[in-house]
Amino acid sequence: MNLYTFTSLLLIAIGVYGLLSQRHLFKMLVSLSVLELGVNILLVSIGYSKDGVAPILTPPEQIINPVDPLPQALVLTAIVIGVGTTALMSAIIVKIYKRTGTLDLSSNRGEDE
Amino acid sequence: MNPTFMIAIPLLTAFLLFVLPKRRWLNTLFITLVALFTSVYSIAGLFNIEKSMSFGMGGWPTPFGINLVVDNLSAFFVMVTQLSFLLTIFALFGWYRAERYSGALMMTFLAAVNGMILTGDLFNLFVFMEIASVSLFALLNLRESSGSLKATFNYMVLNALASSVYLIGIALVYRATGTLNMADLSQKWGVISEASATTVFLMLLTPLLLKAEIFPLNLWAPRIYGRSSAGITTLLAGMVAPAGFYAMIRLFSLLSSSGTTQNSLLILAVLTMVIGEVVALTRKSLREMLGFSSVAGMGVLLMAALSNAMEGALFHLFNLALAKVVMFLSVELLTAGGRDDLESLKGTYKRNPAMAFVFASGAFSVAGLPLFAGFRSKLIILSDMMKAEHYIITAVFIFASIVEFFYYTRAVQHIFSSNEEIAGGRQCSHPLSTLVLLAAAIFIIFTGIYPESVMALAEKAQMALTDVGAYVASVLGGM
Amino acid sequence: MKKLLALIISLALFIFLFQLVMETPSKLLSERVSSRYVQKNVLSSGEAEETSANLVTSVVLSYRGLDTLGEVTVLFAAATGVAFFMKNVKERLNFLFSSFIVQTGARVVSPLLVTLGIYIFIHGHLTPGGGFQGGTTIAITTLLLYVAGGLVERKRTVFRTLEGLSGSVYVLIGLMGLAVGGAFLYNFLPLGKIGELFSSGIVPVIYVLIGIKVGSELSNLVLHTTGGDNS
Amino acid sequence: MCPFGTISSFSFSLLIISPLIYLLARFDRRWASAFLALASGLGLYKLATMYGEWGLPSQSFEIIPNVTISFTNSPIQWYFAFIGLGIMLTIFLFEISWLSKSRTPSAHIFFEAVILASLPGFFMAGDLMTLYIFFELMSWAAFFIVSQASEKSEKAARTFIAMNTTGAMALLYVLFLLYTRFSTLNIEELRTLLPSAGAGFNLIIFALFVFSGLIKAGSFPLHTWLRKTHGNAPDSFSAVLSGYLIKYGSFVVAVTTVIFPSLLLFSNAPHFMGLPLPNYILAVLGGVSIIVGTLMAIKQQDAKMLIAYSSVSHAGYIVMALAMVSSYSVAGGLLHVLVHALAAAGMFLSMAAVKYRTGTTNMSELGGLVDRMPVTFATYLISIISTAGIPPMVGFVSKWLIYQSTITGGFIFLSFAAFFGSIGSFLYVFRPLATVFFGQRPKRLENVREVPFIMQLPMIIISALTVIFGVLPSIALKPIAEAERYYGIKPVSFSFSEIRGALGSWNSVLVFFVFMLGFIMAAVIFYLARKSVRVGLLENYTAGEIPREIINSPELYHYAHNFYRPVERLYEHHPSLEDFYETALGENLKKFGVFLKTLFYNHRLDWYLYVSILTILFLWWLL
C-alpha cells in the first residue's frame with residue numbers, strides 16, 4: 001500500500017459519496033468523474049515500483065527497474081473511455097434540461113406516468 | 001470461422017458510413033448486408049467447430065497479446081446475438097431508415113457485442129462492454145422522450161458505477177496475478193487468498209450482473225423497456241443480456257468460486273425471477289410487461305445455470321432471445337409506436353393479423369406451452385434441476401411459470417379479443433418485416449416440435465463450457 | 001440525514017477497499033506479463049520483436065492493439081452519440097465577447113498548436129505521448145478557434161470525413177495484417193531499429209491515424225456539444 | 001402407413017392438419033365441422049377395434065433426453081377415450097348448424113380440432129409426460145374457445161386458465177419428482193415401482209396428483225372456475241367442457257387411486273373405517289363437493305350456471321366413488337363418468353338449442369317452450385332424469401352402485417352426501433324444466449321453432465343412449481368389469497339384464513318395462529282428462545291491476561324468479577370459495593406485485609444507486 005493507492009481509494013470513496021448525496025444531475029456526473037479518476041489512479045498505482053523509471057528504452061543500454069507499462073496502457077484506455085462516457089452523459093443532461101427545464105433529480109417533470 | 005471478421009467488418013462499416021455519401025437507403029443497405037454477413041458467417045462457422053480455437057491479435061502469443069476465443073459456447077452465443085440483430089434490422093425496415101449516426105452506432109454496437117462474447121481478455125471485455133453501452137445509450141433514444149432520456153441517464157450512471165467496480169477488480173487481479181488473460185488467470189487464480197478472491201470475483205461479476213439484468217442491479221431495466229422504442233430494446237434483451245450472461249458463465253467456469261458465492265447468486269437469480277414475474281403480472285403496458293418478463297427470463301437462466309441445468313439454460317436462452325426479440329418487434333409493429341396498454345390492444349389482431357400471430361407464438365414459447373420451443377427448454381431445466389435435488393427452487397420456478405403463463409395468455413387473449421370493434425382498417429407492416437418475423441415465428445414452432453438441431457448446439461456449447469481444460473489448452477497452447 | 005447515510009456508506013466502502021487492497025497479494029513486477037514486454041522477448045526467439053522505444057506505446061498499439069481499436073471506437077461512438085442527441089437542437093452557444101485580439105491571437109496560436117499535436121503523435125512510439133495526446137492537442141485548437149468566434153463552424157463535414165476515413169484505414173491496416181501475417185493488426189511493415197523515427201512498423205502509422213481520428217472526433221464533440229448539426 | 005393407424009398418429013395428424021381445418025372453416029364452417037365429426041367417428045371405430053388388446057405398446061419418441069411420449073391401451077383408458085370421442089362426435093354434429101351463431105366460427109372449430117386431437121392422446125397416454133402435454137394443449141385450446149363468447153367470458157377464461165395451469169404445473173412437478181426417483185414416467189412401470197417408495201414420498205405424490213385432479217375435475221374445494229367458465233363459454237362448448245373436459249380430472253383421480261394401487265401404497269397408513277386415511281379424505285372431499293354443488297346449483301338464476309354446479313356435484317360423486325376403490329364403487333364411479341358425460345352433454349345441448357332460438361338462458365325470461373321445441377324438451381327431460389338418478393335411466397344404476405359401496409362400507413357421511421345430492425338434484429334440475437319448457441310463454445317467444453334436424457340428431461342420439469344404457473347397463477359394465485379385473489379389483493358381477501349387488505340385485509329390463517307401463521298409463525290419463533285453460537303471464541299475479549314496475553320488468557314476477565328463495569335463505573351468508581380464490585390469490589398476488597414495483601422500481605436514480613451500492617457492499621461483506 002503506497003500513497004497513490006491510498007489516495008485513489010480516497011477519491012473513489014469521495015466519488016461514491018458525491019454520487020449518493022447529490023441530486024443535481026451535473027453534480028452527479030462530476031462525482032462520477034471523480035470516482036473514475038480514483039479508479040484510474042488505482043490502476044496506475046498497480047504498476048508503481050519504488051524508484052522506477054519511465055518505461056522508455058534508450059538504446060543501446062537496457063533500462064533498469066522500469067515501472068510496469070501495462071497499467072499505464074490500461075489507464076490510457078480507461079481515460080479515453082471515461083471521456084467518451086462523460087461527453088455522452090453531458091449531452092443527455094443537456095437534452096434532459098431542454099425537455100424538462102430542470103436538472104434536479106427529485107423533480108418529476110416530464111415523467112409520463 | 002475467424003472471429004476477427006465478426007468485429008472488424010461491422011467496425012469498418014461504422015467508420016465507412018461517414019466517408020460514403022449521405023444517403024439513407026445506402027446506409028440501410030450497408031447495415032443490412034453486414035447483419036446478414038455476420039449472421040450467415042456465424043451460423044456457418046458454428047457448424048464447423050471441432051474444438052476450442054484461440055486467435056491471438058497482432059500475432060502475439062496469448063498471455064501477452066489479446067486473444068479471441070471461438071469454441072462451441074462462444075459461437076453459440078454469437079449466433080444467438082446475430083440472429084437477434086438480424087431480426088431487429090429486418091423488422092425495423094418499415095420505419096427505421098438509418099441515418100449515419102444511428103447506423104454507425106448500430107454497427108459499433110454489433111461489433112462490441114461480438115467482442116464481448118469472443119474475447120478472452122478481461123480488460124478487452126471491459127472495452128467492448130463500454131462500446132456496447134455507449135452505442136446503446138444513443139440508440140435507446142431513437143424515439144426520444146423525456147421518459148426515455150431519464151431512463152437512459154439512470155442506466156448510464158449505474159453502468160458507469162458498475163464499470164468502475166469492474167476496473168477496480170481488474171486492478172486487483174492484475175496486481176495479484178500479473179495477467180489479464182482469462183485462461184491464464186484461471187491457472188493463477190489460486191494465488192489470491194480465499195477471502196479476497198471471492199470479493200474480486202464479485203467485482204468482476206458486477207457489470208455482468210448489471211448487463212444480465214439480475215436483481216438488484218436491474219433496477220434501471222424496466223424503465224428503459226417501458227419508455228424506449230420496443231424495436232430497440234430487442235438489442236438489450238436479445239444481445240446485451242445474453243452477452244453479459246455469457247461472460248458470467250465463462251467466468252464461473254474458469255475461476256473457481258466458493259459455494260457460498262454460487263448460492264447467494266442463486267438466491268439473487270430466484271429473486272430476479274419471482275419479482276420480475278409477479279410485477280409483470282400487474283403491468284398494464286405491454287412493453288413494460290415484456291420488460292419485466294425479460295428481466296425474469298434472465299433470472300430463470302441464471303437460476304438454471306447455477307443449479308446444474310446448464311444445457312437447458314443454454315437452450316432456453318436461445319428460445320428466450322428469439323421469442324423476446326420477436327415479441328418486442330411485433331409489439332412495435334402492432335402498436336405502431338402508439339399506446340400499448342392491454343385495453344387499447346383489444347382486437348388489434350384484425351389490424352395486423354400476421355404480427356398478432358407472431359406475438360402469440362413468441363408469448364407461448366416463453367410461457368412454455370407444448371408445441372412451442374420454450375416448452376422443451378423449460379422441461380429440460382426442470383428435469384435437470386430436479387435431478388440435482390433443488391426441490392424448493394423448482395417449486396418456485398413452477399410458481400413463476402404459472403404467473404408467466406397467466407399474463408402471457410392474458411396479453412394474447414386481449415390481442416385476439418373478438419369482442420371489440422376496432423377502429424381503422426388494416427395497417428400492414430412492411431412486407432419484408434412481416435415475412436422475416438413470420439419466418440421467425442414459424443421457426444419457434446418448428447423448434448418446439450423438432451428441437452434436436454438447436455438442442456445439439458446447446459449440448460455442444462455446454463460441453464465446451466465444462467471442458468475448462470480444453471479452453472485453457474487452446475488459449476495457452478503456445479506455452 | 002441523507003448525506004450522513006451517504007457518508008457512512010462511502011466510509012464503509014473506503015475501509016472495505018482498503019482492507020481488500022491490503023489483503024490481496026501483490027506480484028513482483030518481474031513475475032507479471034509486462035516483464036516480458038520490458039525485455040521485448042515475448043516471442044522468446046531472442047530477437048527484438050517490437051521496436052517502439054516507448055514501452056507504453058508498444059503495449060497500447062502492439063501487444064494490446066485490439067483494446068486501442070476499441071478505445072477509439074468508444075470515442076467514435078460517444079461522438080456519434082452526442083451528434084445524434086444534438087442533431088435536433090437548433091439553438092447554439094454564441095461567444096459574442098470574442099474580440100479582435102482574441103481572434104487574431106487564436107489564429108496565430110492555432111497553427112503552432114496543431115504542429116505540436118502532430119509532433120506528439122508522430123513521435124508517439126519514441127517519447128511520452130501519442131495519438132491520443134496529440135489528437136487532444138489538435139482538438140484544443142478547435143475549441144480555441146470556436147471560442148474565439150466560431151471560426152471552425154463549417155469544418156464539421158471535414159472532421160467527420162476525416163474521422164471515418166482514419167477509422168476505416170485503421171481497420172483496413174488491421175485486416176491487411178490478417179492477410180499478410182495471419183493475425184488481425186499484425187505488424188507487417190519493416191520493424192527498423194529501436195529509437196529511430198521510422199521504426200516499429202505499423203505502430204507510428206496507426207498512431208498518426210489515431211491522432212487524426214481523436215483530433216477530429218474531439219473537435220466534433222466540441223462542435224456538437226455547443227450546438228446542433230445543421231447540415 | 002394409414003394416417004389413422006394408431007391412436008398416436010390420430011392425434012398427431014389431427015394436430016398437424018388443424019391449420020388446414022382452420023382454412024377449411026374459413027371456406028365453409030359446415031364442412032369443417034362435418035369433417036371433424038367424421039374424424040371422431042373414425043377414431044371411435046379405431047378404438048372399437050382396439051378393445052381387448054390391452055397393454056399394446058405403441059411407438060414412442062423422445063421429447064427431452066430420456067423422457068418419451070408414448071401411448072398405451074388399458075381398459076380404463078380405453079373406456080374414458082371412447083366416451084370422450086363419442087361426446088365429441090355428437091358435439092361436432094350439433095355444431096354443423098350451431099356454428100352460425102358463433103362469433104368466430106373458424107377459430108372455434110380450429111381449437112376444437114386441437115381438443116379432439118388432445119383427447120385420445122391424453123387418455124391413452126402411456127406415460128405421465130404425454131398426459132401433461134395433452135392436458136396443456138387441451139386447456140390452452142379451451143381457453144381460447146371460452147374467451148370468444150362474450151365480454152364476460154374473457155375474464156372467465158382467465159380464471160379457467162389460471163387454475164388449470166396451476167393444476168398442470170402441479171402435475172409437472174410431481175412428474176419430475178417421480179422421474180428423479182424412478183427414472184421412468186411410464187404409468188405401467190410406475191404402478192409396479194411405487195410400492196417400493198416410502199409412505200411419505202407416496203403421500204406427496206398422492207396429494208399433488210389429487211390437487212391437480214380436483215382442479216381439472218372441478219371438484220370441491222377447487223371447483224370455483226366451473227361456474228363462470230361453463231356459464232360464459234360458447235353454448236355448444238359448455239357441453240364439451242362439462243360433458244368431457246372435466247373428465248380429464250376424473251381420469252387423473254382414477255390414475256391416482258385405481259391405476260396406482262393407492263390401497264396398497266397406504267396399507268401402512270392409518271385407516272379409517274377400513275379405508276386408508278388419504279383415500280378417506282379424498283372421498284370426503286368428493287362428498288363435500290356433492291353437497292356444495294347441489295346447494296349452489298339451487299341458487300343459480302342462469303340455467304347454464306345451474307348445470308355447471310350440477311357438474312361440481314357429479315364430479316364429487318366420481319371422486320368419492322373412485323377414492324373408495326372397492327368393487328362397487330369403482331364400477332359406480334366409472335359408470336357415472338358415462339352417465340354424467342351423457343347427461344351434461346344432453347342438458348347443455350338442449351340449453352344451447354334453446355339459446356340458439358331464443359338468445360338467452362336466463363330462466364326468468366323463458367317459459368312454455370315445450371310444444372315449440374319438443375325434441376329439445378325431451379332431451380332435457382331424459383337427461384335430468386338420468387342426472388337425478390331416477391330408475392329407468394342409466395343415472396340410477398351408477399348411483400345405485402355408489403350407494404352400495406358407501407352403505408356396505410359404513411360411511412355415514414358419504415352415504416348422506418350421496419343421498420343429499422340425489423334429492424337435491426330433484427330440486428334444481430326440475431327448475432329449468434319448469435321454467436324454460438313449462439309455464440307461460442312470454443309474447444316474444446311465440447314464434448320460436450324447433451332447431452334444425454342436424455342439431456336435433458345429436459340430442460336424439462344422447463337421449464337414446466341414456467335410455468339404452470339405462471335398460472341394459474350391462475353393455476357399459478362390460479369394459480368397466482374388464483378394467484377392474486385388469487387392475488386387480490374384484491369385478492362387479494352382472495348378466496345381460498341384471499346386476500348383482502351386495503344389497504340385492506337390479507333387473508333393469510324389468511324395471512324399465514314397469515316404468516314404461518306407468519308412463520303410458522299417465523299419458524293416457526293426461527290426454528283423456530285434460531282440463532287446462534290458457535291465461536296470460538301477468539294475469540295470475542296482479543288481479544287486473546298493473547303497476548308500472550311490472551311493465552318495465554315483468555321477469556321479476558316470473559315465477560322462476562327467486563324460485564327457491566326460502567331454501568336459499570338457509571345458507572344465504574355462506575363463505576364463498578370463488579371470492580376467496582379471486583381475492584386471496586389473484587388480487588393479493590397482484591397487490592404484492594404492485595408492492596414490489598413500488599418498493600423497487602418506482603424510485604429515482606439516487607434510490608437505485610443506494611440499493612445497488614448497498615447490495616454490492618453487502619455481498620462483499622457477506623462472502
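**Chain C, the cores and the surface**

Modeller: Chain C of this predicted model has 8 helices and 0 strands. From the N terminus on, its elements run α-α-α-α-α-α-α-α.

Biologist: What share of the residues in chain C is buried?

Modeller: Buried here means under 20% relative accessible area. Chain C has 231 residues, and the buried part of them comes to 56%.

Biologist: Which share of the accessible surface of chain C belongs to carbon and sulfur atoms?

Modeller: The accessible surface of chain C is about 9400 Å². The part that belongs to carbon and sulfur atoms is 70%.

Biologist: In chain C, what share of the contacts with a separation of 6 or more joins residues 24 or more positions apart?

Modeller: Contact means heavy atoms within 4.5 Å. Among the chain C contacts with a separation of 6 or more, residues 24 or more positions apart account for 69%.

Biologist: Which residues of chain C are in contact with V83(A), leaving aside its neighbours within four places in sequence?

Modeller: V83(A) sits in helix α3 (residues 69-100) of chain A. Its relative accessible area is 36%, so V83(A) is partly exposed. Beyond its neighbours within four places in sequence, V83(A) contacts L75(C) and L218(C).

Biologist: How far apart in space are V83(A) and E36(A), C-alpha to C-alpha?

Modeller: In sequence, 47 residues separate V83(A) and E36(A). In space, C-alpha to C-alpha, the distance is 10.0 Å.

Biologist: Which residues touch the most other members of the largest nonpolar core?

Modeller: This core holds 518 residues. Its largest share, 20 residues, comes from helix α6 (residues 146-177) of chain B. The residues touching the most other members are F76(B) and L335(D).

Biologist: Is F519(D) buried or exposed?

Modeller: F519(D) is found in helix α21 (residues 508-528) of chain D. Exposed means over 50% relative accessible area. F519(D) has 55% relative accessibility, so it counts as exposed.

Biologist: What accessible area do the residues of the nonpolar surface patch with F519(D) have together?

Modeller: The patch is formed by F513(D), M516(D), F519(D), I520(D), V524(D) and L528(D). Together, their accessible area is about 640 Å².

Terms used. Residues are numbered from 1 along each chain as its sequence is written. Chains are lettered from A and ligands numbered from 1 in the order in which they are written. This is a predicted model: local features need pLDDT of at least 70, side-chain atom pairs count only at pLDDT 80 or more; totals for chains, interfaces and linings use all residues. Side-chain values use heavy atoms; hydrogens and water are left out. A nonpolar core is a set of buried Ala, Val, Leu, Ile, Met, Phe, Trp, Tyr and Cys residues joined through side-chain atoms within 4.5 Å. Buried means under 20% relative accessible area, exposed over 50%, partly exposed in between (1.4 Å probe, protein chains only). Helices (H or I, at least four residues) and strands (E, at least two) are DSSP runs, numbered from the N terminus. Patches are made of residues with over 30% relative accessible area and no salt bridge: like charges are joined within 9 Å, nonpolar side chains (Val, Leu, Ile, Met, Phe, Trp, Tyr) within 5 Å. Accessible areas come from the Shrake-Rupley method with a 1.4 Å probe; for residues, only the protein chains shown count as cover. A salt bridge is a side-chain nitrogen of Lys or Arg within 4 Å of a carboxyl oxygen of Asp or Glu.
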